[in-house]
Amino acid sequence: MPQQETITNYTHFPYKEENDGQEGWICGRGVAIRRNKTNTTECFCPPSLYGEYCQHFSDRITIITSLYNIPQKLLEQSSNTIKILASLLSDDSVIDYYIFHVPLIFSKNLNKKFRFNLIHSRPKILSESYTVRFEAYHLSVDSSIKFISVWEYPIHFPFLPSYRLAQVLKFENDQTISSKPHICHVANPCRHESTCHPVMNKLNNMSAYYCRCNTNSFGKQCEQLLAPSSSSSICSKHALLYLISPSKSICLCPTYRYGPTCSINHTCVYKNPCGVNRGKCYNNPDNLTRDYICVCDKKFFGDHCEFDSAVIRINFTDFVFVQSPSNFIMSSIIQLCDLHNKTFDLIVREKRVYQGLPSHTTEIFHNNHYLPMLAIMKLYHKQQLSNDYVANLKQPAYFILYITPFKVSHMNLTSIINMTNYCPHTAIAFQKNISDASYLSEYECSGRCRAGGQCIHGDLDDRKDFVCLCPRCYYGSVCQHNTELFSFTLETLLTDDLYSPSDVVRRLFSSMKSQS
């Protein structure tokens, strides 16, 4: 790409009484700058425009993309980040690139769509083939950078001045990749100790591959070596060098650094703006105004965890009504809800999930100044299916815990679960009167529980807040342990019998656990 002239002596237009405002608009969508010495106007154009007055549109590719099926092993390390390097290639030569990040701590942003432009060089050579490549890197908290996956998409109509590419970057399972006789597994075509990777969106093509070059080689097969005397990179020692040519490189920054050369520390490195013992500071690399975000402890909320959360403390004094063997409870959920002023829909503000019944003393924090106006407890019973232990997820029992029209920040509640607060027709009312009943769907975490266990999600903003209802002879947080082939073991003797219909048995296991 042609290099732009660097203007070192400039000021903004001084205000003049006789200025008719035309100079401010002379550059269109660019920024007009006045030179002091020559008293001339220069235009700073955005990447999508060029020309003396930013009057010409650059040939560009508009990218719209998002991530899908992020590996579970990465999601379990929620403090880490996925970095995506998108490159526009012309016959394997990088023309333009763009970098964006997906912090795994933000559950809501995992499916976020990213939109940006990649600019063609001028003039654009129509005889060449153009490709957009996406490379995914895993940024760990220990400042390491690890290559994950790669996708490649051709530009079918390069003669168009503006082209739109909308793609979902799907991560394939490791078993799917390793089960095929790919060229990377048979014979490594990459040279100089570089690594070969299958292209995620071309797994059916056994000869499609990408070479991840080391720091001193480049080219399609990493066949070109950088001369020992060359110094093509000004990246800091913390960055991962990505060679494009002998004279050009990209600096891939680790978690806590940013900038063209990765020499600037993020705010979280040298201070904690989230308060002492109130929250953790996480990097937000793509935010231009604030490069961090505070993930607050449940007792606090706010941009900097500066406010105390509202709290309700519930003391359940009696569960006899729901503890009979015929009314066996496998899971329970407590929801704090508000009521929509116009549609009267229930708006779930907080949700907590429990294995079996909640503890007799339960504390729930709400990230707001005041508690919602309504609290509901939902109990999931065991289905009457011979010896199977399956929860009836479609017909929970509803109980009202409190209703208040006032603004309350702290509440101490004593509740008895019996017929006085039981709502026998709530499910029917929800189905008839509420069109958007998405809050009724608790089991949106399928695939996390093993052995066919049922998964019930709690806080939808926290991917780790779920419980697994395991079938008979299975137990563990995700039903990972199996006792079907053994009569008994020491581990099973010390494990809670969650499915015993006897209250005496459950109390026995609870006493054994408290003494151990």
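Arg 290 lies over the face of Tyr 292, at 5.2 Å from the ring centre. A charge is taken to sit over a ring if NZ of Lys or CZ of Arg is within 6 Å of the ring centre and within 35 degrees of the ring normal. The model is predicted, and local features need pLDDT of at least 70, side-chain atom pairs count only at pLDDT 80 or more, and totals for chains, interfaces and linings use all residues. Residues are numbered from 1 along each chain as its sequence is written, and side-chain values use heavy atoms, with hydrogens and water left out.

The structure holds 11 aromatic pairs. Rings of Phe, Tyr and Trp (its six-membered ring) pair if their centres lie within 6.5 Å; planes under 30 degrees apart count as stacked, over 60 as edge-to-face and the rest as tilted. The pair of Phe 134 and Tyr 153 is edge-to-face, because the ring centres are 6.1 Å apart and the planes stand at 70°. Phe 134 belongs to strand E9 and Tyr 153 to strand E10, so this pair ties together parts that are 19 residues apart in sequence. Phe 134 and Tyr 153 are both buried (buried means under 20% relative accessible area, exposed over 50%, partly exposed in between, with a 1.4 Å probe and protein chains only). The aromatic pair of Phe 301 and Phe 307 is tilted, with 5.4 Å centre to centre and 35° between the planes. Phe 301 counts as buried at 12% relative accessibility, whereas Phe 307 counts as partly exposed at 34%. Ring pairs also link Tyr 98, Phe 100, Phe 114 and Phe 116 into a cluster.

Strands E9 and E10 also belong to an open sheet of four strands, in the order E7-E6-E9-E10, with antiparallel pairing. Its edge strands, E7 (93–103) and E10 (145–154), each pair on one side only. From one strand to the next the twist averages 20°, where axes are lines fitted to C-alpha atoms, for helices over the stretch in contact, and angles run from 0 to 180 degrees between N-to-C directions. Helices (H or I, at least four residues) and strands (E, at least two) are DSSP runs, numbered from the N terminus, and two strands pair if DSSP finds at least two bridges between them. Within the sheet, strand E6 (residues 81–90) and strand E9 (residues 130–139) run antiparallel and are joined by 10 bridges. Ile 82 has His 138 in E9 as its bridge partner.

Another antiparallel pairing involves strand E25 (residues 329–339) and strand E26 (residues 346–355), which nine bridges join. Gln 335 has Lys 351 in E26 as its bridge partner. E25 and E26 form a hairpin with six residues between them, and Phe 344 in the turn has a positive phi of about 60°. Cys 337 is buried, with a relative accessible area of 0%.

A search of the whole structure finds 12 disulfides, a disulfide being a pair of cysteine sulfur atoms within 2.5 Å. Cys 184 and Cys 196 form one of them, with their sulfur atoms 1.9 Å apart. The torsion about this S-S bond is about -55°, so the disulfide is left-handed. The pair links distant parts of the chain, with Cys 184 in helix H3 (residues 183–186) and Cys 196 in strand E12 (residues 195–198), 12 residues apart. Both Cys 184 and Cys 196 are buried.

A further disulfide joins Cys 296 to Cys 305, S to S 2.1 Å. Its torsion of about -95° about the S-S bond makes the disulfide left-handed. Cys 296 counts as partly exposed at 25% relative accessibility, whereas Cys 305 is buried, with a relative accessible area of 0%.

In the disulfide between Cys 449 and Cys 468 the sulfur atoms are 2.0 Å apart. The torsion about the S-S bond is about -85°, so this disulfide is left-handed. It links distant parts of the chain, 19 residues apart: Cys 449 lies in the loop between helix H5 (426–433) and strand E32 (454–457), and Cys 468 in strand E33 (residues 466–469). Cys 449 is buried with a relative accessible area of 10%, and Cys 468 is buried with 2%.
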